[in-house]
Structure formats: structure tokens, C-alpha cells
Amino acid sequence: MSRPYRPSSVSRPWGEVVNNQVTGVPKPALSVEDLAALRELLHEQRSFRREQLRQMTAASRTCVDASRGQWSSSRAEVRVRLAASARMVLADVEAALERMAQGRYGVCHLCRRPIACERLMIVPQARYCSRCQQVREAGR
Ligand SMILES: [Zn+2]
């Protein structure tokens with residue numbers, strides 16, 4: 001019974017208060033104004049694509065009638081491809097609006113970093129930051 005044993009852990013209870021990093025997803029670097037502008041862009045894009053698809057569907061109906069005649073199949077193919085890409089963009093735009101409603105908008109799906117505002121202003125429905133997008137396209 002000589003020296004009183006002191007546990008080496010000089011634990012400081014306040015040391016655990018620093019837990020800023022627990023929040024997970026980083027907050028996108030977008031201001032309220034940016035988000036409002038982007039939402040506007042997405043809405044515009046959505047109605048534009050919907051209108052485009054509506055016209056394409058209307059056109060394809062007459063195309064079916066015309067196909068009894070001499071409608072070139074390559075032209076019909078182009079139309080189908082255009083409609084497919086319009087539908088894809090529309091789905092992306094709707095997904096982006098959904099993410100916005102859930103407060104998850106503007107974060108790269110791959111690296112989880114905020115997507116640059118300048119990029120979003122050009123491609124408001126972007127899921128990936130420009131770096132990850134390049135990687136994806138290169139991997140195709
Ligand atoms: Zn990324």
C-alpha cells in the first residue's frame with residue numbers, strides 16, 4: 001500500500017462534446033436563393049420535356065398512319081431515340097426535384113461532396129459532380 005494507483009486515462013468528459021462530424025452528409029454549398037433559382041430551372045425543364053414528349057407522342061401517332069405509306073424507318077428510329085432521351089431527362093429532373101424536397105439536393109451520389117453551383121446552374125438535374133461524371137463517362 002504505497003502509492004495510490006491512478007488510472008492513466010485522464011479522461012476529460014468534455015472531450016466528447018466535439019462531434020461535429022457525426023452529421024454525415026455534408027451540407028451542399030447552396031444558398032436559399034441558389035436553390036430557388038435551381039428549382040425554377042428544374043420546373044422549366046420538366047414542363048419543357050413533358051411538352052416535348054407530348055408532341056412526340058402526337059407525332060408518332062401520325063407516324064403510324066404514315067408508315068402505311070413510305071415512312072423511312074431510320075427517321076422513326078431517331079424519333080424513338082429522342083423520345084427515350086427526353087424521358088430520361090424528365091426522370092432525372094423529377095428525381096432532382098424529389099431530392100430537393102427531401103433536402104438532399106446538390107450532393108454528388110458518388111463522392112458525397114457538394115456539386116459546384118455553376119455546374120448545377122447548367123445541369124440542374126445532375127447527380128454527380130463534374131469529376132465523378134467524367135469518371136463515369138470514361139468508364140463506359
Ligand atoms: Zn463526385
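How many residues does helix H2 have, and what distance does the helix reach from its first C-alpha to its last? Helix H2 spans residues 73-101, has 29 residues and reaches 42 Å between those two atoms. That reach is close to the 42 Å expected at 1.5 Å a residue, where the expected span is 1.5 Å times one less than the number of residues in the helix. Helices (H or I, at least four residues) and strands (E, at least two) are taken here as DSSP runs and numbered from the N terminus.

The model is a predicted one, in which local features need pLDDT of at least 70, side-chain atom pairs count only at pLDDT 80 or more, and totals for chains, interfaces and linings use all residues. Residues are numbered from 1 along each chain as its sequence is written. The pLDDT is the predictor's confidence in each residue, from 0 to 100. Its mean over the chain is 81, and 71% of the residues reach 70 or more. Two residues are in contact if their C-beta atoms, placed from the backbone, lie within 7 Å.

The overall plan comes next. The chain holds 4 helices and 0 strands, and its elements run α-α-α-α from the N terminus on. Among the contacts with a separation of 6 or more, 62% join residues 24 or more positions apart. Of the 140 residues, 13% count as buried. A residue is buried if 20 or more other C-beta atoms lie within 10 Å of its own, exposed if 12 or fewer, and partly exposed in between, with C-beta atoms placed from the backbone.

The largest nonpolar core has 11 residues, among them Leu-38, Leu-42, Val-93, Ala-96, Tyr-105 and Tyr-128. Helix H1 (32-66) and H2 each supply at least two residues of this core. Such a core is a set of buried Ala, Val, Leu, Ile, Met, Phe, Trp, Tyr and Cys residues joined through C-beta atoms within 7 Å. Leaving aside neighbours within four places in sequence, Tyr-128 is in contact with Cys-108, His-109, Leu-110, Gln-133 and Arg-136.

Ala-84 lies in helix H2 and counts as exposed because it has 10 C-beta neighbours inside 10 Å. In space, Ala-84 and Leu-53 are 9.2 Å apart, C-alpha to C-alpha, although 31 residues separate them in sequence. Glu-94 also has its place in helix H2, but it counts as partly exposed because it has 16 C-beta neighbours inside 10 Å. The C-alpha atoms of Glu-94 and His-43 are separated by 8.8 Å, and the two residues are 51 residues apart along the chain.

Beyond H2 comes Gly-103, with a positive phi near 75°. Arg-112 is placed in the loop between H2 and helix H3 (117-122). Its phi is also positive, about 65°, although Arg-112 is not a glycine. Arg-112 counts as exposed because it has 12 C-beta neighbours inside 10 Å.

UniProt, in an unreviewed entry, lists residues 103-137 as "domain: Zinc finger DksA/TraR C4-type". The annotation "zinc finger region: dksA C4-type", likewise from an unreviewed entry, covers residues 108-132. UniProt positions are given in the numbering used here, feature names are shortened, and annotations may be inferred rather than shown by experiment. In the model, the end C-alpha atoms of residues 103-137 lie 27 Å apart, and this span is 40% helix and 0% strand. For residues 108-132 the end C-alpha atoms lie 8 Å apart, with 36% helix and 0% strand.

Ser-130 lies in helix H4 (residues 130-138) and is partly exposed, with 15 other C-beta atoms within 10 Å. Not counting residues up to four places away in sequence, Ser-130 touches Ala-116 and Arg-119. The C-alpha atoms of Ser-130 and Arg-119 are 7.4 Å apart, and the residues are 11 apart in sequence. Ser-31 lies in the segment before H1 and is exposed, with 10 other C-beta atoms within 10 Å. Ser-31 and Cys-117 are 86 residues apart in sequence and 9.5 Å apart in space, C-alpha to C-alpha.
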